[in-house]
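This report looks at aromatic rings and at the charged groups that accompany them. Please keep the sequence and the model in view while reading.

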Amino acid sequence: MTAANKLEGQCLCGAVTVRMTPPEPHVDACHCGMCRRWGGSALLSLRMVTDPEIEGAEHIGRYASSEWAERGFCRQCGTHLFFFYKPKASYSFTAGLFGGADGFAMVEEIFIDEKPAYYAFTGTRERLTGAEVMAKFGVGES
């Protein structure tokens with residue numbers, strides 16, 4: 001994607017605006033128990049970026065959900081904004097923030113071994129277990 005493909009999105013109340021250029025036009029789904037507790041279902045997010053433009057950062061709350069990650073939300077309206085991966089200082093923003101992501105394809109599902117039976121996404125894509133995700137991103141390695 002190029003700068004012409006920059007996406008802009010906002011939280012529900014408009015206090016936080018995010019502008020970013022996703023590396024690919026992809027959406028990923030995380031089925032881990034923490035993501036499901038956070039949002040009520042799988043977390044649908046865009047690929048990680050390190051250089052987003054964030055307006056209204058003073059309205060963002062951060063929750064340290066593990067030693068290696070934080071979750072960001074608007075303190076005004078509660079909108080879930082991002083998953084922040086500390087080791088790479090990378091943000092994975094929720095897909096729903098950006099109307100321009102409507103045509104993106106879902107290409108990966110992670111923590112598939114934690115997905116409950118009450119929902120399923122159709123289509124063929126890479127589906128990784130929690131152990132495979134941890135190995136892929138080197139989580140827990142020193």
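Over the face of which residue does Lys-115 lie? In this predicted model, Lys-115 lies over the face of Tyr-119, at a distance of 5.4 Å from the ring centre. A charged group is also placed over an aromatic ring at Phe-84, where the charged end of Arg-62 sits 5.0 Å from the centre of the ring. Phe-84 itself belongs to a cluster, linked by ring pairs, that also takes in Phe-82, Tyr-91, Phe-93 and Phe-98.

| Pair | Geometry | Centre to centre | Angle between planes |
|---|---|---|---|
| Trp-68 and Phe-83 | edge-to-face | 6.4 Å | 65° |
| Trp-68 and Tyr-85 | edge-to-face | 6.1 Å | 75° |

Trp-68 is found in the loop between β6 (60–64) and β7 (69–74), while Phe-83 is in strand β8 (residues 80–85), so their pairing ties together parts that lie 15 residues apart in sequence. Tyr-85 is likewise in strand β8, and because Trp-68 lies in the loop between β6 and β7, this pair joins parts that are 17 residues apart in sequence.

As for solvent accessibility, Trp-68 counts as partly exposed, with a relative accessibility of 27%.

Key:
Residues are numbered from 1 along each chain as its sequence is written. This is a predicted model: local features need pLDDT of at least 70, side-chain atom pairs count only at pLDDT 80 or more; totals for chains, interfaces and linings use all residues. Side-chain values use heavy atoms; hydrogens and water are left out. Rings of Phe, Tyr and Trp (its six-membered ring) pair if their centres lie within 6.5 Å; planes under 30 degrees apart count as stacked, over 60 as edge-to-face and the rest as tilted. Helices (H or I, at least four residues) and strands (E, at least two) are DSSP runs, numbered from the N terminus. Buried means under 20% relative accessible area, exposed over 50%, partly exposed in between (1.4 Å probe, protein chains only). A charge sits over a ring if NZ of Lys or CZ of Arg is within 6 Å of the ring centre and within 35 degrees of the ring normal.
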